[in-house]
Amino acid sequence: QSIREDATAKLEQMSRENYAAYVAVLNQVFASEQADGTLRQLAGLALKNSLVAKENVRKEEYAQRWLSVDQGVRSEIKQAALRTFGSAGIARSTAPQVVSAIAEIELPTNQWSELIPTLLDNVTNQESALQRQASLQTLGYICESTEPMVLAINANEILTAVVQGARKEETNDDVRIEALHALYNSLEFIRANFDREGERNFIMQVVCEATQSSDERIQLAAFECLVRIMHLYYDKMRFYMEKALFGLTVLGMNSEHQGVALQAVEFWSTVCDEELELQEEANEAFEVGEQPERVSFDFAKTAAPEILPVLLWMLTQQEEDADEDEWNIAMAAGTCLALLAQTITDHIVPPVIPFVESNIQSTEWRYREAAVMAFGSILEGPNPQILTPLVNQALPTLINMMRDPDVNVKDTVTWTLGRVSDVLVECIKPDIHLPQLVSALVLGLEDNPRIVGNCCWSLMNLAEQLSNADDTDQETSPLSRYFEGVITALLRITDRPDNEANSRTSAYEAISTFVSTAAKDCYPNIEKVAITVLERLEHTLSVQNQLIGSDEQNAHYELQSNLLSVLTSCVRKLGKNISSIADRIMTVFLQILNSQSKHSTTKEDVFIGVGALISALEADFGRYLEPFMPILYSALQHPEEYQLCGIAIGLIGDICRALGENAVQYCNAFMELLVQNLQSPVLHRNVKPAILSCLGDIALAIGGQFESYLNVTMMVLQQAGNMRADKTNLDMIEYVNQLHEGNVEAYVGIVQGLASGGKIFVQPQLTERLPFHYEAALIAPYVPGMFTFLSIVAEDEYKSDTLVRSLVGLIGDLADALYGTDGKQFFQVDWITQTLREARSSRHYSQSTKEVARWAKEMVKRTLQS
Amino acid sequence: MKTETQAEKRKSISELHRSRYKRNSISKTNEESRRRRLAIDQALRRKHREQLITAKRFRHLTQKEEYESAGEDDGDYPVNYELNTHDISKLEEELKSSSHEVRLDAVKFLGRALFDPSKAVHDFVVDGDCINLLTQLLTAGDPDEQLQAVVGITNIAAGSYDFCIKATSTIPYLVSYLKESNVALQDHSAWALGNMAVESDEIRSMLRKNGVLQPLVNLLDSSDSNLVQTACFALSNLARGPNAHLEEFLQAGIGPKLASHLINNTPDTVTEICWVLSYLTAGSDQFIGQLLNEGIAPLLVQNMEPLHSQGALALPLIRTFGNIASGPDDYTDILIKEQIFLPGIISFCQSDCRPVKKESLWVLSNITASVAYAIFSHTISRRPEVLEKVIQAGAIPILTEIASHTNFDIRKEAAFSLTNIACHGTKYIQALPNNVLLPGYLEFVRSEDPELIKLGLTYLQLLLTHVPEGKSLMQSIPDSILALESVTVSTHSDLCRTASVLMDTYFGENNEGVEQDILA
């Protein structure tokens with residue numbers, strides 16, 4: 001043991017100090033036909049592990065490290081690995097991994113260009129089946145991990161070799177499996193080949209034939225290819241569906257091999273995915289009065305009579321005690337049925353309802369469960385008018401079935417009741433069904449932990465659907481009379497020491513939802529919830545030092561997070577009414593923050609709670625600032641904990657909004673820390689947009705007193721405004737969108753904060769005796785820059801709804817501030833008119849964006865006429 | 001391990017489907033609930049920020065603009081989906097229908113769709129038959145259809161230039177409706193015309209040529225306060241721009257009609273009347289003179305007290321006063337003759353509403369200014385009697401308070417009045433609390449803004465010249481001489497010259513005491 005540890009340590013040291021020597025040593029072992037097979041394999045894996053990493057930064061680091069190794073050494077390793085393809089020992093299985101790992105690094109840099117030809121040559125000309133299999137496997141790995149662009153020049157040859165290996169004429173089954181795996185991985189980059197009818201026909205023929213192989217593994221690999229082909233090339237499938245796929249997949253669903261049957265169900269789930277997407281595209285096109293680019297062939301509707309009976313039968317094939325991670329045909333069929341209901345809508349109802357009716361009373365639990373599952377699965381898709389009478393009829397039975405002796409049945413029943421509460425809540429009549437439903441669900445909370453989650457979910461859906469989302473201050477609601485009872489039952493679950501089947505977390509989430517959707521007549525009860533939760537939180541603090549082992553600690557922190565989350569909901573709901581217990585809450589918050597706990601999630605949750613408390617108490621929060629500020633500053637000084645740092649930045653904004661001008665005493669510190677964080681290379685970039693918005697929050701709060709920070713702020717904003725996204729990088733587009741949004745929000749804060757009630761004269765008229773606004777004049781030099789930035793953002797085709805809303809809002813604010821001044825010229829440009837029109841009328845934008853745009857239009861109009 | 005990742009990828013579609021099995025919205029992992037909590041926190045913060053900035057925005061809208069931006073019309077909601085060309089063809093058919101009900105419903109619907117026009121609606125107005133169809137409804141003679149057609153035209157006129165110009169072909173009809181006895185039709189026609197008048201000089205001239213002015217002025221005779229307010233809205237817009245031909249307004253007899261509404265009226269109406277007056281008085285001294293002769297001044301002054309508690313609604317009244325006070329001295333005298341005028345303005349100077357406060361200070365500086373500017377042009381026309389009245393009204397302590405606290409821009413307005421007072425001579429500058437004022441003026445001198453610096457220098461010059469202890473007062477304030485000296489290197493030559501003269505005269509090299517001060 002110690003020898004081994006010693007050796008590992010030595011090797012690790014070597015990998016850090018002299019990488020070239022390290023890989024050379026590993027290769028020596030790996031390449032040696034004399035060495036022990038297991039040892040060779042281990043050396044190969046170590047070699048591979050020194051080349052690949054999941055995380056991008058490390059991956060790049062490894063690639064550079066490899067490329068800096070001497071050409072000769074690298075070449076030797078590569079040759080040795082290729083030679084191992086033909087080796088008889090188990091080391092052979094590692095060789096494809098080593099080769100593809102090197103290829104992933106070298107091919108994009110235009111090195112090792114002979115590799116692909118070599119592999120292809122192996123596949124076509126090698127006698128040895130082992131060689132061919134390893135070469136195909138390597139090709140598969142390469143196709144999977146390498147950018148399609150890099151492989152495009154070899155696409156034809158790769159495809160030829162792969163398809164050749166997958167043909168039924170290939171007698172070696174292992175070779176054929178590897179070829180099908182490689183084909184699966186290359187499907188994405190052979191789009192050009194797939195567009196050509198002749199080549200497409202050939203590929204489809206090979207894959208369809210493979211589904212008929214006697215080897216189950218080959219059938220499975222072929223079906224996997226079909227699923228992916230359907231996903232990638234739906235538009236091309238009409239012909240093949242009619243000729244073959246339709247029959248093959250229905251046959252596949254009936255296969256005695258569960259894996260094959262699963263893939264055949266997957267195939268139809270994928271058809272539904274594609275057709276749902278096409279329907280959405282068609283709806284969008286219809287709304288703007290255009291023809292959709294692609295059309296649905298309605299495969300699902302055509303196939304429904306054939307596949308529905310099989311799916312319903314499959315629903316009855318449950319496993320006795322299915323594991324959470326289990327995936328079996330009953331589950332796959334349930335998912336497929338739900339997708340099918342969404343795709344073919346009303347047509348699903350007539351064939352499914354008889355199945356439900358004839359099985360729901362069965363003595364066999366499998367049939368009862370399948371019946372309820374079938375019913376629950378079709379609740380989304382068909383017209384609610386068709387479903388409503390059915391649900392009305394079924395509700396009493398379903399509520400009764402909460403007492404079913406079988407836990408599997410009960411779980412599916414609660415889930416189905418949750419679906420009804422979610423999508424068809426109008427079926428639940430407050431006077432007829434609600435009393436029984438709520439008491440059945442409360443009873444369910446006392447039941448097996450497995451069904452607690454769905455009981456909680458049902459209760460949450462009821463709370464959300466029965467409360468009026470638009471009116472947060474309603475006096476009462478149909479659920480008010482149940483509030484106390486439900487909360488008591490939920491709190492009882494949370495009293496249990498364990499979190500079996502996620503039951504405790506579910507209960508806490510349900511409490512939060514009940515609190516946040518409650519009507520005014522529940523406020524006294526919410527205060528009681530707050531106090532109970534506060535007591536529990538105080539208790540957790542008292543036992544903090546007695547925890548043993550990491551499991552106990554993790555459970556402890558999870559519980560604290562749950563409690564904090566409920567407490568925060570109570571604070572948000574009660575607003576100013578929380579004052580009477582605010583001191584106690586803040587005391588606990590400060591205790592947690594000041595404890596030695598290294599657990600960052602708990603701290604985040606406390607910070608979120610503090611944010612709620614600031615918004616609730618507003619200026620009254622001022623009395624806690626003295627003890628809280630050092631903690632806030634410390635979080636801002638630790639950018640490596642970026643989530644916490646991000647919330648801390650949000651808290652600055654909260655404090656500014658709550659305190660207004662009185663926040664000025666803290667602004668020196670705020671500004672310094674914010675600018676530091678903005679320039680920090682350590683801070684996660686996703687936090688940076690929030691810093692920009694925060695600068696606006698400060699300006700808005702302290703108005704003219706922002707003067708001393710104006711220079712640095714404007715400089716920072718200009719720098720951030722120069723960021724552009726590479727149009728092929730979606731992450732970057734998203735990030736730049738957020739950055740621009742933060743930028744615009746900062747400008748909004750500055751313009752509103754400093755120019756409020758005053759006019760920005762771009763060229764101050766010194767001689768005229770006009771009302772002159774000192775603070776507005778401060779902004780004047782930056783106005784042209786703001787418009788340049790805005791015009792660039794406006795022309796960005798990828799801008800999000802929120803960005804557009806901020807953008808048109810700022811245009812309106814500027815119009816207001818430049819009203820009656822020489823700044824009118826800035827609005828006499830096309831992009832402003834166009835942006836406002838688009839924001840007002842395009843259906844891509846939300847109602848609130850349209851409202852802001854209409855307002856901005858009025859402001860611009862007024863300014864243009866001044 | 002590579003083999004695992006490949007298996008993972010092959011399963012990715014299945015994974016997606018598996019996650020949908022009996023899906024509910026409860027977080028499955030700690031990480032998921034953490035992400036959710038963070039997302040809610042961020043969303044709420046965004047909401048709070050938007051509420052704050054939106055509140056600031058909509059505060060600036062007038063009632064009419066608020067109507068237009070909110071899109072509400074007596075409980076009718078704007079069409080909230082996008083009309084396409086199919087919908088438009090259908091609508092066109094309905095507008096031509098032989099059934100009155102169908103036509104009426106169609107034109108109501110069109111009116112709401114025009115409020116926030118989609119591309120298809122836009123094309124229908126600009127290139128299509130929209131205006132023709134609406135005009136047909138106007139000429140057909142059914143009062144309900146006429147009214148709804150005018151509503152549609154109001155919304156078209158509120159749109160962009162290409163919309164508005166289209167609507168102008170209906171001006172003759174709208175003008176004729178102003179003269180009818182149907183109040184709703186009169187009101188909406190005036191509104192539509194007012195919307196057009198906002199658009200441009202070109203359209204305003206078109207409106208005048210169509211004889212819009214007299215009928216609009218006649219609407220002021222109405223006893224319906226809503227109609228009077230709409231007429232004022234249209235008249236204010238018509239009075240905009242350099243070529244407004246304001247003489248025609250007066251010839252049309254607008255003066256007495258406006259005046260009649262200033263007696264015992266609600267703040268809403270008074271404000272609208274004052275908007276018209278603020279445009280008329282901005283025109284020329286001649287019009288102000290005529291309005292004053294018609295006795296407008298006492299009526300305006302009477303409304304100061306009722307509007308005092310109305311925040312920004314008082315703005316047009318104060319602006320009108322400012323315009324009057326910027327005219328010849330005898331105009332100012334007419335205002336001051338009203339006993340409650342000066343106390344009223346000084347009380348507005350203390351308003352909580354920032355623009356009201358600022359414009360009131362501007363009015364006061366216009367009243368104290370006539371002489372101050374005369375000094376710079378070396379003409380002597382002092383009118384101490386005006387100043388005495390200002391001082392008697394208690395202006396100095398209030399101006400001093402404002403000039404030494406609050407924000408720079410407001411301070412500056414107050415400082416103008418104080419400097420003006422100081423310019424009236426030794427007696428007046430000595431009466432000012434200079435020890436309180438000096439630090440504030442020094443801040444002006446230290447600023448970057450030439451106008452502020454000039455204001456500060458003027459005061460320093462007066463202080464040093466006319467107040468015996470002025471120099472020692474300067475020396476008692478740390479860095480004050482440094483502040484003055486810094487202006488001697490200013491790039492503005494006149495500021496630089498004034499500062500240099502003051503430095504040389506009072507703190508020159510021969511003066512050892514000062515030398516020490518600077519060193520200390």
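Leaving aside neighbours within four places in sequence, Leu632(A) touches Phe607(A), Ala648(A), Leu651(A), Ile652(A), Ile655(A) and Phe670(A). The model is predicted. Leu632(A) and Phe607(A) are also among the residues with the most contacts inside the largest nonpolar core. The points below cover the cores and then the interface of chain B and chain A.

**Nonpolar cores**
- The largest nonpolar core has 313 residues, and Met237(A) joins Phe607(A) and Leu632(A) as the residues with the most contacts inside it.
- Helix α36 of chain A, residues 730-755, contributes the most to this core, with 13 residues.
- A second, separate core has 153 residues, including Phe124(B), Ile131(B), Leu399(B) and Leu473(B).
- In soluble globular proteins, nonpolar side chains tend to be buried together.

**Extent of the interface**
- In the contact between the chains, 77 residues of chain B meet 100 residues of chain A.
- About 8200 Å² is buried between chain B and chain A, and carbon and sulfur atoms give 49% of that area.

**Pairings and elements at the interface**
- The rule finds 13 salt bridges across the interface of chain B and chain A.
- One salt bridge joins the side chains of Arg805(A) and Glu50(B), at 3.1 Å from N to O.
- Elements of chain B that give two or more residues to the side touching chain A include α1 (2-19), α2 (30-58) and α30 (450-466).
- Of the elements on that side, α2(B) gives the most, with 19 residues.
- The residues of chain B's side comprise 24 nonpolar, 21 polar and 32 charged.
- Across the interface of chain B and chain A, 21 residue pairs are in polar contact, both residues being at pLDDT 80 or more.

Methods
Residues are numbered from 1 along each chain as its sequence is written. Chains are lettered from A and ligands numbered from 1 in the order in which they are written. This is a predicted model: local features need pLDDT of at least 70, side-chain atom pairs count only at pLDDT 80 or more; totals for chains, interfaces and linings use all residues. Side-chain values use heavy atoms; hydrogens and water are left out. Contact means heavy atoms within 4.5 Å. Buried area is the accessible area (1.4 Å probe) that two parts lose on being put together, summed over both. A salt bridge is a side-chain nitrogen of Lys or Arg within 4 Å of a carboxyl oxygen of Asp or Glu. A polar contact is a pair of N or O atoms within 3.5 Å; within protein, one must be able to donate a hydrogen and the other to accept it, and residues adjacent in sequence count only if both atoms are side-chain atoms. Helices (H or I, at least four residues) and strands (E, at least two) are DSSP runs, numbered from the N terminus. Ala, Val, Leu, Ile, Met, Phe, Trp, Tyr, Cys and Pro count as nonpolar, Asp, Glu, Lys and Arg as charged, and the others, Gly among them, as polar. A nonpolar core is a set of buried Ala, Val, Leu, Ile, Met, Phe, Trp, Tyr and Cys residues joined through side-chain atoms within 4.5 Å. Buried means under 20% relative accessible area, exposed over 50%, partly exposed in between (1.4 Å probe, protein chains only).
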